[in-house]
Amino acid sequence: MARPFREILEAKSFVVTAEAAPVKGSSVSKTIEHITLLKDKVDGLNVTDNQSSVMRYPSLGICLLIKEHGGEPVLQVTCRDRNRLAIQADLLFAYSRGINNVLCLTGDSVDVGDHKEAKQVFDLDSVQLIHLVHTLNSGKDMAGNELDGGVDFCIGTTATPSADPLEPQLIKVEKKLKAGVSFIQTQAVYEFDELKRFTEFVRNIDEKVKILAGIVPVISAKMAAYMNDNVPGIFIPQHLIDELAQAPKGTGIAKGIEIAARMIRQVKEEGVCDGVHIMFIGREERVPEILEAAGLL
Amino acid sequence: MEEIKQAMALYKKILVAGCGTCVTVCWAGGEKEVGILASQLRLARSAAGNDIVTLEATVERQCENEMVAELKDKVAEVEAVLSLACGSGVQTMATMFEDKPIFPAVNTTFIGMPEKEGLWVEMCGACGDCYLDRTGGICPMVRCSKGLLNGPCGGTRKGGKCEIDPDKDCAWVLIYRRLERQGRLDLMREYYAPKNFRAVKRPGKIQAAKA
Amino acid sequence: MKNIDFDAVAEKVARMPGVTCVNLVSHLCLDEGREKMIASIREENLDRVIVAACSPEFKEHIFRQALEDAGLNGHLLAMANIREQCSWAHEGDVTEKAVELIKMATNRARLLQPLERKELPVNRKVLVIGGGFSAIDTALHLSRVGLRTTLLEKEAVLGTGTGEWQSLHGFDNSSMTAAVEGDRNIDVLASARMTAAEGTIGDFTVTITREGEEISRKYGAIVLATGFRTELAPTSTLKLRTQAEPISGISIVSQEQLFHMLHNSIVEAKPRTIGFMFDFSDENSRFPTLTTLNNALAAKNKWGSEIYIFCKNVKVDSEGAEKLYREARECGVVFLKCETTPRMSMDNGRVAVEARDVFLGEDTIIACDLLVAEELLLPIAGTETLSSLLNIRLDSRGFYQDENVHLYPVASEKKGVFVIGGCRGNLDMGRVLTDISSVVMSIHELLSSGKIQVEIERVKADPQKCVACLTCIRVCPHSAIQLIRVDTGKDVAVISDLACDACGVCAAICPAKAIEFQGYRDDQTLAQIEAIGES
Amino acid sequence: MNGRIIAFCCEHSAYPAADLAGRLRLHYPESLRVIRVPCAGRVDVIHILKALEKGASAVLVLGCEDGACHHITGNIRAKERVKQCNVLLKEIGVDGRRAVMFSLSPNAPHKFVRVANDIAKTMKESREAR
């Protein structure tokens with residue numbers, strides 16, 4: 001039985017989580033393999049919610065699987081697909097099945113996904129969502145009705161330390177911190193200084209919140225350029241693109257793992273964050289290699 | 001146009017009706033556009049060897065019964081009406097001439113304002129629960145592509161552009177800059193609770209105070 | 001026009017609806033023909049005239065006058081161009097085409113309406129913005145033709161900034177300012193700026209702000225003569241000296257600083273070697289060429305320095321430049337033609353200039369005691385503000401007035417607003433003088449009689465149909481349209497007969513079809529289309 | 001109107017160019033009919049559409065060269081309108097090439113003739129293809 005994430009956050013000096021992206025379809029055997037591979041190597045498995053607005057197997061479903069296989073799931077909830085009724089209902093269900101960690105996000109626009117004609121909801125935004133989870137934790141629903149059986153979620157949220165301009169983002173982070181979160185998981189960061197500046201800002205407002213630096217390995221210059229153009233909130237600096245471009249053919253993945261591990265080591269050694277969150281989307285089976293290279297195994 | 005062509009396929013004589021107010025200002029359904037659409041239809045039909053007769057008329061405001069009534073004689077002459085007014089005008093026509101098919105020729109999409117000649121940008125979503133005083137006069141409900149109330153999403157592009165369109169400014173970056181300029185950034189730090197989306201019950205209705 | 005059977009044409013035209021009489025006349029544009037035309041208008045009591053002849057480009061005005069002489073409004077004339085665009089353009093018989101062209105003209109003629117002409121009073125005062133050479137000279141010339149001028153200068157006195165150094169180009173600033181002071185036709189407003197402007201040619205109302213006080217004045221025309229400024233070109237990698245001071249040791253200076261050294265300052269040590277650079281950043285280098293040649297010659301004469309001129313090209317097409325160039329060569333100035341910008345470095349207190357000489361094909365390094373750096377000629381600060389106040393465009397370099405070959409050189413797209421000299425990028429003295437005489441002539445022609453002839457309501461917006469969408473106001477290239485509240489209390493677009501240049505852009509774009517352009521109305525154009533291919 | 005080509009010619013550029021073509025005896029198709037306009041910017045979408053409705057095989061809008069328009073932006077407006085016509089025609093399955101805009105200077109009679117010949121040729125070819 002995995003240790004509750006809330007306890008881990010308090011107890012461990014360096015927390016490691018990994019992202020599990022649900023499949024498109026109903027076949028979950030591969031996902032189960034990933035879960036078994038990773039559940040004891042990381043402190044939590046974080047499941048995306050129709051990531052990049054591409055329709056997939058639900059986050060809630062994968063979280064149940066993680067639970068069944070003895071891992072510690074973090075449920076991602078975006079505001080894009082559900083209104084306040086649906087979100088509250090899903091959270092009640094999750095808690096009743098032992099899913100105790102929730103990551104509150106705005107969600108990408110449907111325009112970047114594969115169902116561009118869908119009506120996007122955004123009944124709530126991420127700050128309001130955090131407030132909502134606190135409301136549920138207090139034993140009431142948003143309308144003020146008493147709940148028959150409450151919930152007690154560990155709440156996390158996200159932030160983009162490399163946004164330009166940064167100030168409006170920081171104001172939003174401030175609002176999220178004031179709403180009350182136990183951990184912040186950043187969007188992928190590639191510049192150490194950016195991360196450092198960001199954590200200093202957060203620490204000034206909230207000393208206790210845990211910050212997990214987002215790590216997304218990039219395995220080719222082409223992929224980096226694509227991500228810069230198409231993935232909201234990701235900014236890969238030119239010097240990394242150049243470094244990838246110089247890697248001999250066929251060694252891209254190894255290079256990507258090397259760069260990611262280098263960043264993790266630096267984060268850990270300089271103690272700027274409380275941990276990392278690794279998103280190796282579509283290559284979950286290679287996450288252990290990163291952990292190993294970073295000296296985390 | 002394809003939709004209009006198909007809708008008109010069955011008819012040989014129609015009225016193309018414009019509206020002389022809002023849609024004239026935004027170049028969608030004034031006398032000029034009526035002329036162009038009618039000509040386009042005639043060209044299409046004559047190319048297909050199936051000529052169509054078009055009457056053209058533009059009234060001051062197609063959402064006013066009295067003004068639409070001027071079209072009575074012309075409507076009587078034709079088999080169908082193609083209206084270039086907004087949804088309200090089309091519905092006024094449809095109510096006034098219940099036995100005639102009335103077709104909308106424009107898709108009313110938003111309430112906007114002109115940015116320069118020939119370009120209009122959506123500014124107001126007519127939500128009935130206005131936040132403009134707190135957001136530096138920039139509506140986050142409409143001008144943020146996600147309608148977020150508490151600040152920008154994480155997808156903002158370099159230079160403060162929107163995640164869905166590199167040419168569009170992030171509304172929250174604009175709000176930030178304006179409030180900063182006014183020294184009112186505290187407004188942005190305030191928490192705004194979930195919005196009341198039922199401020200306007202559909203269908204909307206406004207009753208002016210009776211004299 | 002041998003390929004047209006005129007008898008057949010006459011016969012067919014006579015049968016066209018509304019045609020009262022058909023006259024075949026050779027040389028209609030000569031006295032004899034015109035008299036015949038006038039006679040038949042009177043005899044037959046004609047109300048429209050079609051001339052099927054040569055291109056309207058040549059003789060339209062003559063025929064219009066003939067109509068006027070016969071007591072008919074000149075705008076009731078339509079022409080069919082059966083010579084240039086019919087007989088001469090095709091081989092073989094084109095009688096049919098000629099008939100069709102006349103039919104088109106007839107259809108149009110039927111819908112023509114007379115246009116009333118009216119004399120409007122104009123304000124005879126002129127506002128000249130600027131206090132440099134071109135502004136002062138324009139004011140003095142205008143005074144001589146009897147027009148009153150206000151010189152609006154943002155500095156405290158006239159002729160600052162460029163004052164003394166303009167004498168390099170052969171004029172004396174102090175005698176000019178003295179002439180202005182003694183001239184009762186010229187009123188100087190110094191330390192003042194224009195902060196608002198409205199109205200049209202003959203009737204501008206300008207708000208001038210001076211020392212926090214607002215003054216409102218009325219003028220008939222506005223001349224912009226705000227000059228230019230210089231800035232060290234980005235190719236000059238080393239820093240410019242901040243002040244013109246006596247040199248001791250090394251220096252990189254501007255042309256103006258060199259000028260001051262040559263004329264005013266006591267120089268501790270004469271520079272033995274002087275380098276000049278120009279024509280690398282901006283190809284429009286007539287003015288730098290002149291300045292360089294003048295300064296180089298002066299330095300040679302006064303100091304006997306060795307002089308090296310680094311440039312891509314020497315542009316000697318401005319007045320006197322060829323002569324200066326020859327003099328410079330004769331007294332030993334060395335010209336080095338380089339394709340790329342020379343590199344500069346500090347070398348033991350001197351500036352080393354390293355360049356590849358195109359003719360020698362080898363690198364040359366010359367150590368200069370003094371380097372006169374390349375400068376960019378730029379519009380002055382505030383150019384944008386003035387242009388937006390007056391609603392006139394800037395060109396790609398930020399100067400007033402696009403290089404628009406169709407406009408009269410000093411006229412802007414807004415009637416009554418003129419742009420001269422440095423502020424329109426015209427930078428050498430010869431051209432500035434030409435600008436001054438052109439602007440003085442244009443304004444004299446426009447304002448001296450105190451009135452102006454205009455056609456009334458040639459282009460007009462129907463106040464009933466106008467929805468005040470502002471489209472026409474935004475697209476009018478001559479800013480001739482304003483939103484005005486009419487008697488009914490409604491805001492409508494009103495086109496100024498004075499400012500309108502009759503292009504019809506507004507009529508074509510009006511979404512309410514509220515604007516009519518007499519002579520080119522929609523129905524008049526469509527009637528011509530109707531006639532095509534009918535026969 | 002069997003195959004007539006209508007050319008709206010700006011009196012500052014294309015119209016004098018057409019005159020010059022005549023004076024130089026440069027020949028172009030007889031089917032061309034010139035309508036003189038004060039600026040290409042005066043030409044409205046409806047003029048072009050009505051000309052095509054009347055059976056013109058093609059409509060030319062001929063204005064000043066870029067940056068040389070007597071009315072500064074008239075030629076740009078004309079270009080936009082012709083582009084709008086191309087879209088409107090495409091929507092109803094009509095060959096967009098039937099409305100074209102060209103820029104030429106008043107002293108370019110050869111260009112005028114080339115433009116006229118080219119459009120006549122294009123229209124003839126597309127007629128034959130049908």
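**Chains and contacts in a predicted model**

Chain B is built from nine helices and eight strands, and, like everything described here, this arrangement belongs to a predicted model. The C-alpha trace of chain B spans about 65 × 50 × 25 Å along its principal axes. A compact globule of 211 residues would have a radius of gyration near 17 Å, whereas the value for chain B is 22 Å.

From chain B the reader can move to its contact with chain D, to which chain B gives 11 residues and chain D gives 11 residues. On the side of chain B that touches chain D, the elements that supply two or more residues are α1 (2-8) and α3 (31-47) of chain B. Of the elements on this side, α3(B) gives the most, with eight residues. Sorted by class, the side of chain B that touches chain D holds five nonpolar, three polar and three charged residues.

Which chains share the most contacts among the four pairs of chains that touch? They are chains C and D, where 38 residues of chain C are in contact with 42 residues of chain D. The elements of chain C that contribute two or more residues to the side touching chain D are α4 (83-87), α14 (505-509) and α15 (522-531), and α15(C) gives the most to that side, with six residues. By class, this side of chain C is made up of 17 nonpolar, nine polar and 12 charged residues.

Chain A stands apart from both of these partners. Chain A and chain C do not touch, and their nearest C-alpha atoms are 27 Å apart; chain A and chain D do not touch either, with their nearest C-alpha atoms 23 Å apart.

Within chain A, one helix pair can be followed residue by residue. The axes of helix α2 (residues 29-38) of chain A and helix α3 (residues 59-68) of chain A come within 10 Å and cross at roughly 50°. The crossing in which α2(A) passes α3(A) is right-handed. Where the two helices meet, α2(A) presents Thr31(A), Ile32(A) and Ile35(A), and α3(A) presents Ile62(A), Leu65(A) and Ile66(A). The residues of this contact between α2(A) and α3(A) comprise five nonpolar, one polar and no charged.

Helix α2 (residues 45-53) of chain D and helix α3 (residues 74-91) of chain D pack at an angle of about 45°, and their axes are 9 Å apart. α2(D) and α3(D) are therefore oblique to each other, and α2(D) passes α3(D) in a right-handed crossing. The contact brings Val45(D), Ile48(D) and Leu49(D) of α2(D) to Arg81(D), Gln84(D) and Cys85(D) of α3(D). By class, the contact of α2(D) with α3(D) has four nonpolar residues, one polar residue and one charged residue.

Technical notes: Residues numbered from 1 in each chain as written. Chains lettered and ligands numbered in written order. Predicted model: local features only at pLDDT ≥ 70, side-chain atom pairs only at ≥ 80, totals over all residues. Contact = placed C-beta atoms within 7 Å. Helix = DSSP H or I, 4+ residues; strand = E, 2+ residues; numbered from the N terminus. Nonpolar A, V, L, I, M, F, W, Y, C, P; charged D, E, K, R; others polar. Axes fitted to C-alpha atoms, helices over the stretch in contact; angles between N-to-C directions. Left-handed = near helix turned anticlockwise from the far one by under 90°. Rg over C-alpha atoms; globule rule 2.2 N^0.38 Å. Parallel < 35°, antiparallel > 145°, perpendicular 65-115°, else oblique.
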